[in-house]
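Q: Could we go through this model together, a piece at a time? I'd like to begin with one of the helices.

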Amino acid sequence: MASVSTSARLNKAVRQQFMSLPQGEKCQVTYIWVDGTGEGLRNKTRTLDAEPTSVEDIPEWNFDGSSTYQAEGSNSDMYLIPVCMFRDPFTLDPNKLVLCEVMKYNYLPAETNHRHSCNKVMEKVREHCLWFGMEQEYTLLGTDGHPFSWPPQGFPAPQGPYYCGVGAKNAYGRDIVECHYKACLYAGVKIYGTNAEVMPSQWEFQVGPCEGIEMGDHLWVARFLLHRVCEDFGVVATLDPKPIKGNWNGAGCHTNVSTKQMREDEGLQYIEKAIDKLAKKHKEHIMVYDPHGGKDNLRRLTGLHETATIDDFSAGVANRGASIRIPRQVGKDKRGYFEDRRPAANCDPYTVTMAIAQTCLIDLKEEEVEVIN
């Protein structure tokens, strides 16, 4: 059995005694941001005199960037700019969670603040009413890195009974999944659903549909809630795209895409046009579909385990072994959406959605459009 953290074994009844104390008119606000790895999340909390009614009521704050891989110690102050507010499912109303952009000392975006540039692109394509839905796969581990509920020595039975499975032999960690789902609903995250995945101890939740910049905001907060729930249970949720070597499925973040034209009658032609554009930019997209320029996806996109190979672009109806999948119902209705199956589980949703918007909806020959990097 994988080990759980010592703090998870603390007496929760004692904690609840203090959590139920009144707090007067004061409000706790937890600031959340992406750190210098482009994958990790950080947070800290402050007290406000009253409950904020919107994100505009929450003041800017700062933090030590030298401790988050974002600055040197000699000039370490970084600024937190609140951009999106949620209810706090851990300390409850009136307390809030607030997602922040990170700015450097000169108020330029930090290197891993991809929201800033993504928002500019989304403003340019606003007329297209661009919807996204992202399917976040993740794997539960013990604090020792061993998959949760896997045998201490060896492996569980081969893949087969686990996908959307039920029962103690097939579903590992459902308590965590259901608590995360409830936390997302309470917070106001646009969670769409959840299911057990193909590899045991691997799960998925979906966020969306979200329009434009909202997609990245809600997925990052959903990830924060996942890590926070797992902390209470004493286990770890990893977004590694290939956490277990061998004949086991990897973890992706399949991204569903739809414009207003795609959703209208005969919208399939616009889906096909978008796919043609994506085919021409395959390598550029692979570079931004994980935080390490494609190196993480190299372990996952092998042509096996429901993936296409990383070097080849392909598309097909109901084909989970293709780069782009057109759902069968979409092919039948001739309208709807397409699914980009290439993004890795640890991708930055801002860079993924920005790349898709640029490639599919903006003429990249225009001088004012930023090059994808």
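A: Helix H10 covers residues 349-361, and its end C-alpha atoms are 17 Å apart, which agrees with the 18 Å that its 13 residues should span at 1.5 Å a residue. The expected span here is 1.5 Å times one less than the number of residues, and helices (H or I, at least four residues) and strands (E, at least two) are DSSP runs, numbered from the N terminus. This is a predicted model, in which local features need pLDDT of at least 70 and side-chain atom pairs count only at pLDDT 80 or more, while totals for chains, interfaces and linings use all residues. Residues are numbered from 1 along each chain as its sequence is written, and side-chain values use heavy atoms, with hydrogens and water left out.

Q: How many residues of H10 are buried?

A: Twelve of the 13 are buried, so H10 is mostly covered, where buried means under 20% relative accessible area, exposed over 50%, and partly exposed in between (1.4 Å probe, protein chains only). Among them are Tyr-350, Met-354, Ile-356 and Gln-358.

Q: And H6, which residues are buried there?

A: In H6 the buried residues are Leu-268, Ile-271, Ala-274, Ile-275 and Leu-278. Seen down the axis of H6, these buried residues fall within an arc of 115°, so they line one face of the helix; the arc is that of the directions from the helix axis to the C-beta atoms. An α-helix has 3.6 residues a turn, so residues three or four places apart point the same way.

Q: What about its length, how far does H6 reach?

A: H6 runs over residues 268-280 and reaches 19 Å from its first C-alpha to its last, close to the 18 Å expected for 13 residues.

Q: Switching to pockets, how much space lies in the largest one?

A: About 590 Å³ of space lies in the largest pocket. On a 1 Å grid over the protein atoms alone, a pocket is an open set of points where a 1.4 Å probe fits, with protein on both sides within 12 Å along at least five of seven lines, and lining residues have an atom within 4 Å of a point. Grid points are joined across faces, edges and corners, and the volume is the space filled by probe spheres set on the points.

Q: Which residues are closest to its centre?

A: Of the 28 residues that line the largest pocket, Glu-135, Gln-206, Asn-256, Arg-325 and Tyr-337 are the closest to its centre. The elements that give two or more residues to the lining are strands E6 (131-141), E7 (191-196), E8 (202-211) and E10 (253-258), and E6 gives the most, with six residues.

Q: What is the lining like by class?

A: The lining has ten nonpolar, eight polar and ten charged residues, where Ala, Val, Leu, Ile, Met, Phe, Trp, Tyr, Cys and Pro count as nonpolar, Asp, Glu, Lys and Arg as charged, and the others, Gly among them, as polar.

Q: Is E8 itself enclosed or open?

A: Eight of the ten residues of E8 are buried, so E8 is largely enclosed by the rest of the structure.

Q: What about positive phi at Tyr-107 and Glu-306?

A: Tyr-107 has a positive phi of about 65° although it is not a glycine; Tyr-107 is placed in the loop between E5 and helix H2 (115-124) and is partly exposed, with a relative accessible area of 40%. Glu-306 also has a positive phi of about 65°; Glu-306 is found in the loop between helix H8 (295-300) and strand E11 (315-317) and is partly exposed at 41%.
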